[in-house]
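Here is my note on the model, point by point. Please keep the structure open as you read.

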Amino acid sequence: MPGNKYNSNPGHAPSRVERLLRESWLRKRACHTNETADISRVAELDHELRYREGENSGISYVEQFLEGAVAARALTEGCERQDGRPFRQRLLVVANRLPVSAVRRGEDSWSLEMSGGGLVTALLGVKGFEARWIGWAGVNVPDEIGQRALTDALAQKKCIPVFLDEEIVHQYYNGYCNNILWPLFHYLGLPQEDRLATTRSFQSQFTAYKKANQMFADVVSKHYEDGDVVWCHDYHLMFLPKCLKEYNTDMKVGWFLHTPFPSSEIHRTLPSRSELLRSVLAADLVGFHTYDYARHFVSACTRILGLEGTPEGVEDQGRLTRVAAFPIGIDADRFIRALDNQPVKEHIKELKERFAGRKVMLGVDRLDMIKGIPQKILAFEKFLEENSDWHDKVVLLQIAVPTRTDVPEYQKLTSQVHEIVGRINGRFGTLTAVPIHHLDRSLDFHKLCALYAVTDVALVTSVRDGMNLVSYEFVACQDAKKGVLILSEFAGAAQSLGAGAILVNPWNITEVAASIAQALNMPAEEREKRHQHNYMHVTTHTAQEWAEMFVSELNDTVVEAQLRTKQVPPFLPVQDAIDRYLKSNNRLLILGFNATLTEPVDTPGRRGDQIKEMDLKLHPELKEPLTALCSDLRTTVVVLSGSDRSVLDDNFAEYNMWLAAENGMFLRLTKGDWMTTMPEHLNMEWVDSVKHVFEYFTERTPRSHFELRETSLVWNYKYADVEFGRLQARDMLQHLWTGPISNASVDVVQGSRSVEVRAVGVTKGAAIDRILGEIVHSKSMTTPIDYVLCVGHFLGKDEDVYTFFEPELPSDALGIARTKATDGLKSPGEKRSSLKLQASKSGSKASAVKTQRPLPNPEKRNNNHASGSGRRSSPDKISWNVLDLKKENYFSCTVGRTRTNARYLVGSSDDVVSFLKELASKSFSGPP
C-alpha cells in the first residue's frame with residue numbers, strides 16, 4: 001500500500017515475519033474502521049496492489065496469496081460469496097470439553113448452558129472466522145435417541161459432540177490425562193504409591209488415551225471441509241494431530257498447550273514419551289504460553305528423538321514443525337465494563353464497609369497442589385510474626401475453589417489448608433476480627449469483580465502454573481485503586497507481567513513475607529507506575545488478539561510449508577526404475593554404504609545404538625540381492641563410501657563388485673588389489689595436528705568419537721549431549737580455522753552431528769570421473785552405459801556425484817564443474833583421465849573417455865600419506881562414447897535427506913533394501 005511502512009520492495013519475496021507484520025498492521029488498521037465496506041476496501045486495495053507487484057517482480061502466485069489474500073481473509077468479514085453468505089474461514093476448535101453444561105430433561109430433550117472460561121472468551125471475540133466447537137459434552141449418553149437429541153441441541157450452539165463411554169472416560173480422562181500427564185507436566189512426577197500396579201495400569205490407560213483421541217479425530221474428519229483450520233487444545237489431545245494428518249495430510253492443524261511443558265529431563269521419565277512427541281510434531285504449528293515451555297519442548301525433541309531443533313521449531317527429514325510462544329490473555333473489556341454495573345458497585349460498597357480501615361489482600365485459586373496455597377498462608381503468618389503493627393490493619397481473603405474432591409491427595413491438601421488457617425486465626429485473631437477469611441467455594445462473576453476492585457495486594461504463589469489469568473483479571477479491575485500484584489516466578493504470567501509485579505519464589509517463605517511488607521508500604525507513585533505498565537499489557541494483549549495471532553501464524557505456516565515441500569524431491573518411482581533397468585543394455589549402479597546398505601540404527605521409538613553405528617555391517621537381507629545383481633554381466637555395481645578400505649573389505653569381499661573407499665580415493669575390483677586415485681604429491685602434513693585437536697575434543701566430549709582415515713579425519717558427536725556437542729563443535733571449528741588448518745589445503749565438511757577434515761577436492765563427484773574410466777578400461781566395455789542408478793545418504797559436499805550424470809544440466813556447466821573437480825586433484829605434470837561430455841542429438845548424454853590409469857606397484861610408496869596402494873601404468877588410449885544416458889534412464893536418489901541435489905528420495909535403508917530385492921528378483925524373471 002503506498003506509504004505503508006510494511007510495503008516491501010516489489011522485487012523482494014517477503015519473509016514470514018514481513019508477511020505477519022503486514023497482516024497485523026492491516027488488522028489494527030481495520031480495528032479503527034467502523035464501516036465494514038471500508039474494511040473490505042482496505043483488504044481489496046492491498047490485495048490488488050500486491051498482485052500487481054507480484055506480476056512485475058515474478059513473485060510466485062503463492063507469495064501473492066500470502067501478501068494479499070491471507071491479509072484480506074482476516075478482514076473481509078463483510079465480503080460475500082456468490083451465494084450471498086459472508087465469506088469467513090471455518091475454525092474447528094477441538095478441546096476435551098465443550099463450552100456447555102448439558103442436563104438431560106427427558107428421553108429426547110436436553111437443557112444447555114454456556115460455560116465461561118478463557119478459551120471460550122478468546123474465541124467468541126475472534127473476527128473473520130466461523131468457529132465450531134468439537135468435544136465431549138461431559139455426560140454419558142449410551143442410547144442413540146439421546147445422542148441424536150443432544151447433537152441437535154448442541155448444533156444450535158455451534159457445538160459438535162464426541163460421545164465417550166464411562167470406561168473410556170475413566171481410563172483416558174481420569175487415568176492417563178489427570179493421573180499421568182497433568183502431574184508430570186506440573187513437575188509432580190509419575191504416581192509413586194504402587195509402582196507395579198501403576199506400570200500395569202499405565203498401558204491400558206495409554207491405550208484408552210489413543211482410542212479417545214482417535215474418536216475425536218473421527219468426528220473432526222466427518223465435519224472437516226477443505227480450507228478449514230483445525231485447532232487442537234491441551235494435553236488431553238496430544239495424539240490428535242497425528243490422527244488428523246493420517247486422515248488428510250493437507251489439513252491445517254495447530255496444537256496449543258495450556259499447561260507448562262516440563263524440562264526434557266522430566267518428560268523423558270514418561271514411558272510413552274517418544275510416541276507423544278512425534279504425534280504432536282505432526283501438527284503444522286505447536287504453541288505454548290511462554291518461550292520457556294517452547295524451549296523445553298524443542299529440547300525434548302532433540303534429546304529424546306534426536307531431531308534437529310532450530311529457531312523456527314523442530315525439523316525432521318526436511319519437514320519443519322513450527323514451535324512458538326503465544327501468551328494468552330483475557331477479555332479485559334468484559335471486566336472493565338463490569339465495574340460500571342450496578343450490582344458490582346453495590347458489592348464494592350459492601351466490601352469497603354466490611355473491611356474499612358484494613359488493607360485487603362486477595363488470593364483466588366483452585367484448591368490444587370500447584371497453586372501454592374499453603375506456602376501463601378505460611379508466608380502471611382511469617383509477615384504477621386515480623387510486623388505486629390499490621391495485625392489489625394490487614395486481612396487476607398483466600399478463595400479456594402474445590403476440585404477433584406474424591407482424590408485422596410486433594411482431600412489431604414484441603415485438611416492441611418484448613419489446619420493452617422485455623423492455627424493462624426487462633427493465634428492472631430480477636431473476638432471481632434480474624435486475619436484470614438477462607439472460602440471453599442467459587443464466587444459469581446459480579447462478586448469476583450467487586451473483590452478484585454477493592455483489593456490492595458493480590459497474592460499469586462503458584463509453584464507451577466501454565467499462565468494464571470487471575471493476575472490478569474486483577475490488573476483489569478484495578479484502574480481506580482492501583483493495587484500491587486505479588487506474582488510467583490513459576491507462573492507463566494510472570495514473563496508478561498513481571499515488570500509491574502513483585503516476583504517471588506513461593507518456596508522462599510521469608511522472601512514472600514518481605515514482599516508482602518513491600519507491597520503494603522509501597523508509595524502511591526510507584527504503585528501507579530507498576531500498575532500502568534501491567535494495565536497496558538492486559539488491555540492490549542487480549543484473548544482475542546491471542547487467538548487471531550495463532551490462527552494467522554498457522555495459516556502462514558501451512559503455506560510456507562507448501563513452498564518448502566516443493567523443493568523436496570518426489571519418492572523414487574520404484575516400478576519405473578525397475579522397468580527401465582530391465583530394458584537397458586549396460587547398467588551402472590552406484591550405491592552408498594552407511595545409512596544406505598546398513599541396518600537402521602535409529603528407530604521411531606528411540607535413538608540408535610552407538611556401538612552398532614561405529615561397527616558398520618551390511619544389512620543381512622541384502623546378501624542374495626547383491627549376489628544376483630553382481631552376477632549379471634550387463635550390470636556394474638560400485639559401492640562408493642567415505643569409510644576406509646578395511647570396512648568395505650569386511651563387508652563386500654565376497655561379491656563381484658567395485659569398491660571405492662574414502663570418497664573414491666581408493667578403488668579396487670573385489671577380485672583385484674587396491675589402487676589409489678589420489679595425486680602422487682598430495683600434501684597430508686596437516687593430519688597430525690588435526691588428529692591432536694580431534695583427540696582433545698573427543699576426550700572432553702562424552703560419547704563422541706573420531707575416525708582416522710588415510711585422506712581425512714571425522715569427529716562424530718551424534719550420541720553426545722546435543723547442546724554440549726554443538727558448543728564443542730563450534731569451539732573445534734574456531735580452533736581449526738585459526739590454527740592447524742589456517743594455511744593447509746583442506747576442506748572442512750560439517751554434517752548434522754559431525755566434523756570432517758579432508759584434503760581439498762576430495763569428493764565423491766570428483767572421484768567418479770576417474771572411477772568410471774578405470775571401470776571402462778578394466779571391463780573392456782564396448783557398449784555405452786545407458787542406465788545409471790545412484791543411491792546414497794551423502795553429505796552435501798559429496799552430492800556432486802548426483803549432478804555428475806545429470807543429463808538435464810547444460811554440457812558446458814558440467815564440463816566446467818568436472819574440470820575444476822579433476823584439476824583440484826592434479827599434481828604438476830600428471831596426466832589424469834577426464835570425461836569429455838557432449839550432448840547427443842537425441843538429448844541423451846554422451847561421453848568420450850581417454851583413460852591413463854596407474855597400475856599396481858607394490859614397491860612404490862607415497863611418503864606424504866599412508867597408503868598401501870600403488871599406481872597403474874598407462875594403458876593404450878581408447879576414445880569412444882561411454883555414456884549414452886537419456887534423462888528417463890537416470891535415477892539419482894538420496895536416502896532420508898530432503899535437502900538434496902538428487903532427483904528422488906527414499907525414506908530409509910529399509911526402503912533401499914526392499915527396492916534392491918525387488919530389482920534383483922525382476923531382473924532374473926526377465927522384462928515384462
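At what angle do the axes of α13 and α16 cross? The points below start there. Bear in mind that this is a predicted model.

1. The α13/α16 crossing. The axes of α13 and α16 cross at roughly 50° and come within 8 Å. Angles under 35 degrees would count as roughly parallel, and 65 to 115 as roughly perpendicular. The two helices are therefore oblique to each other. Their crossing is right-handed.

2. Who meets whom. On the α13 side, the contact uses Pro-343, Val-344, His-347, Ile-348, Leu-351 and Lys-352. On the α16 side, it uses His-446, Lys-447, Cys-449, Ala-450, Leu-451, Ala-453 and Val-454. By class, the residues of this contact are nine nonpolar, two polar and two charged.

3. Burial of α16. Is this helix enclosed or open? Helix α16 spans residues 445-454. Seven of its 10 residues are buried, so the helix is largely enclosed by the rest of the structure. The buried ones are Leu-448, Cys-449, Ala-450, Leu-451, Tyr-452, Ala-453 and Val-454.

4. The start of α16. Asp-444 caps the N-terminal end of this helix. One of its side-chain oxygens lies 3.2 Å from the backbone nitrogen of His-446. His-446 is also among the α16 residues that meet α13.

5. Helix α14 (residues 373-386) and helix α19 (residues 509-520) have axes that come within 8 Å and cross at roughly 65°. This crossing is right-handed. From α14, the contact takes Gln-375, Leu-378, Ala-379, Phe-380, Lys-382 and Phe-383. From α19, it takes Ile-509, Thr-510, Val-512, Ala-513, Ile-516, Ala-517 and Leu-520. The classes here are 10 nonpolar, two polar and one charged.

6. Asn-96. Is Asn-96 buried or exposed? Its relative accessible area is 5%, and the cut-off for buried is under 20%. Asn-96 is therefore buried. This residue lies in strand β1 (residues 89-97).

7. Partners of Asn-96. Which side chain does Asn-96 join through a polar contact of 2.6 Å? The partner is the side chain of Tyr-172. Leaving aside neighbours within four places in sequence, Asn-96 is in contact with Gly-135, Trp-136, Tyr-172, Tyr-173, Phe-216, His-236 and Leu-237.

Technical notes:
Residues are numbered from 1 along each chain as its sequence is written. This is a predicted model: local features need pLDDT of at least 70, side-chain atom pairs count only at pLDDT 80 or more; totals for chains, interfaces and linings use all residues. Side-chain values use heavy atoms; hydrogens and water are left out. Buried means under 20% relative accessible area, exposed over 50%, partly exposed in between (1.4 Å probe, protein chains only). Helices (H or I, at least four residues) and strands (E, at least two) are DSSP runs, numbered from the N terminus. A polar contact is a pair of N or O atoms within 3.5 Å; within protein, one must be able to donate a hydrogen and the other to accept it, and residues adjacent in sequence count only if both atoms are side-chain atoms. Axes are lines fitted to C-alpha atoms, for helices over the stretch in contact, and angles run from 0 to 180 degrees between N-to-C directions. Angles under 35 degrees count as roughly parallel, over 145 as roughly antiparallel, 65 to 115 as roughly perpendicular and the rest as oblique. A crossing is left-handed if the near helix is turned anticlockwise from the far one by less than a right angle, and right-handed if clockwise. Contact means heavy atoms within 4.5 Å. Ala, Val, Leu, Ile, Met, Phe, Trp, Tyr, Cys and Pro count as nonpolar, Asp, Glu, Lys and Arg as charged, and the others, Gly among them, as polar.
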